[in-house]
Amino acid sequence: MANTVKKLFRGNVGTSAADVYTVPSATVAVITNIVLTNTTSNVLTGTVKLGTHDVLSSVTVPANGIFAFDLKQVLEASDTLNAVASGAGIKLHVSGMEIN
């Protein structure tokens, strides 16, 4: 089995919920860190789900600030990470490991 530490997602979060990462087949993923970055001068919120379960639910991200969350969550093949923001300007950074 190969353990690969990697960025699982880096990018913008839309105002409609969307999958931002899907675990590849024959792989297990471990999410270790989630960071929401607000690039605007307004307070925004972000929600991140593992499958259908909220991990971060409408968390407040201060203007020009960040919200960081360290965790250890295991996802199996085809499981998804989903995100949505209250407005344009939220960026999502997800780090972890893929094991295959």
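Strands here are DSSP runs of E with at least two residues, numbered from the N terminus. By that rule, Asn-82 lies in strand β7. Welcome to a predicted model, where local features need pLDDT of at least 70, side-chain atom pairs count only at pLDDT 80 or more, and totals for chains, interfaces and linings use all residues. Residues are numbered from 1 along each chain as its sequence is written, and side-chain values use heavy atoms, with hydrogens and water left out.

**Asn-82**
- Asn-82 is buried at 13% relative accessible area, where buried means under 20% (1.4 Å probe, protein chains only).
- Its side chain makes a polar contact of 3.1 Å with the side chain of Asp-19, a term for N or O atoms within 3.5 Å, one able to donate a hydrogen and the other to accept it.
- Contacts (heavy atoms within 4.5 Å) of Asn-82, not counting residues up to four places away in sequence, include Ala-18, Val-20, Thr-47 and Lys-49.

**The sheet**
- Strand β7 belongs to an open, antiparallel sheet of 4 strands in the order β2-β7-β4-β5; strands pair if DSSP finds at least two bridges between them.
- Because β2 and β5 each have a single partner strand, one side of each is left without a neighbour in the sheet.
- β4 and β5 pair over 6 bridges, and Lys-49 has Asp-54 in β5 as its bridge partner.

**The core**
- The largest nonpolar core has 24 residues, and Leu-92 is one of those touching the most other members; such a core joins buried Ala, Val, Leu, Ile, Met, Phe, Trp, Tyr and Cys through side-chain atoms within 4.5 Å.
- Strand β3 gives the largest share, 4 residues.

Methods: Buried < 20%, exposed > 50% of the residue type's maximum accessible area, 1.4 Å probe, protein only.
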